[in-house]
Amino acid sequence: MKPRLNNSGRGAYELLSVAFVCLLLSCILLVTILSHVDSEKYQVFCYNAKIMALNAVNVRNNTNQKNIYLYQMIQDGLISPIKNPFSGDDYCNIYESKVSFNGDKRSVNLQCGSYVISSSDIGDNSYSIYEVSSWVQGTRDGEVDKKTVYNIMEDKTYLLDGFYEEELALDLFNEKYHQEFTSIKEVEKEYEVVSKEVFRSKKFVKEIEY
């Protein structure tokens with residue numbers, strides 16, 4: 001059956017135009033909804049970083065550690081594992097996430113998947129969010145982070161399941177082997193300490209106020 005045209009020659013073409021406009025509006029609405037969802041994820045990310053930082057401050061009052069790691073706070077029952085807001089099945093990295101204390105400066109670092117809040121002062125009204133690669137040996141292109149990580153060996157066997165920052169490697173070693181070493185230099189008197197420099201690329205994503 002052919003479409004009926006009115007006196008102006010409109011008919012199916014007019015309906016097609018209306019359908020196209022409806023489709024376009026639906027696409028715009030979908031993009032708006034998805035953008036709002038992404039914005040909420042970033043807000044949750046920043047909120048979690050703030051909660052982690054406040055708990056670390058409480059721990060710091062009873063210790064002289066330079067870094068309070070998320071794994072310690074979870075272990076002490078001060079905080080629950082933090083869900084990765086960008087992937088509902090994952091949790092934030094308990095060894096990369098920490099709060100660092102350097103004089104009056106208190107910096108929060110929270111890594112969830114490939115997203116990280118890096119070295120933001122916990123008193124700031126906004127946090128900078130970056131997307132990062134995995135840590136690797138050898139330099140990376142563009143903006144990079146770098147650090148030295150450690151493992152401990154005995155009889156050519158690594159005693160830790162990975163390489164960690166100095167203070168963290170010491171804590172994990174003491175905990176696993178029921179030791180009370182106070183520094184890596186002390187550990188070196190009895191074990192072989194292996195270190196390496198690692199890098200990761202880093203790309204700014206956005207600044208989030210909360």
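Two strands pair if DSSP finds at least two bridges between them. Helices (H or I, at least four residues) and strands (E, at least two) are themselves DSSP runs, numbered from the N terminus. With these terms, β4 and β5 form a hairpin with four residues between them. The structure is a predicted model, in which local features need pLDDT of at least 70 and side-chain atom pairs count only at pLDDT 80 or more, whereas totals for chains, interfaces and linings use all residues. Residues are numbered from 1 along each chain as its sequence is written, and side-chain values use heavy atoms, with hydrogens and water left out.

Strands of a sheet pair through backbone hydrogen bonds, either parallel or antiparallel. Here eight strands make up an open sheet with antiparallel pairing, in the order β1-β2-β3-β4-β5-β8-β6-β7. Its edges are β1 (67–69) and β7 (157–158), each of which pairs on one side only.

Within this sheet, β2 and β3 are antiparallel and share five bridges; Lys98 lies opposite Asn109 in β3. Five bridges also connect β3 with β4, again in the antiparallel sense. In this second pair, Cys112 has Tyr115 of β4 as its bridge partner. The hairpin of β3 and β4 has two residues between the strands, and Gly113 takes a positive phi near 65° there. Tyr115 also stands opposite Glu131 in β5, and β4 is joined to β5 (residues 126–132) by three bridges in an antiparallel arrangement. Strand β4 (residues 115–121) is mostly covered, with five of its seven residues buried (under 20% relative accessible area, where exposed is over 50% and partly exposed lies in between, with a 1.4 Å probe and protein chains only).

Because the torsion about the S-S bond of Cys92 and Cys112 is about 85°, the disulfide is right-handed. Both Cys92 and Cys112 are buried. Cys46 counts as buried too, since its relative accessibility is 0%.

Helix α3 (residues 166–177) comes next. Its twelve residues should span 16 Å at 1.5 Å a residue, and the 17 Å between its end C-alpha atoms agrees with this; the expected span is 1.5 Å times one less than the number of residues. Leu168, Ala169, Leu170, Leu172, Phe173 and Asn174 are buried in α3. The cover over the buried residues of α3 includes β1, α2, β6 (144–154) and α4 (184–187). Just after α3, His178 takes a positive phi of about 55°.

On a 1 Å grid over the protein atoms alone, a pocket is an open set of points with protein on both sides within 12 Å along at least five of seven lines, and its lining residues have an atom within 4 Å of a point. The largest pocket has a volume of about 800 Å³, volume being the space filled by probe spheres set on the points, which are joined across faces, edges and corners. Of its 35 lining residues, the closest to the centre are Asn67, Tyr69, Lys98, Ser100 and Glu165. Two or more lining residues come from each of β1, α2, β2, β3, β4, β6 and α3, and β3 gives the most, with six residues.

Conventions. A disulfide is a pair of cysteine sulfur atoms within 2.5 Å. Contact means heavy atoms within 4.5 Å. On a 1 Å grid over the protein atoms alone, a cavity is a set of points where a 1.4 Å probe fits but cannot get out, and a pocket is an open set with protein on both sides within 12 Å along at least five of seven lines; lining residues have an atom within 4 Å of a point.
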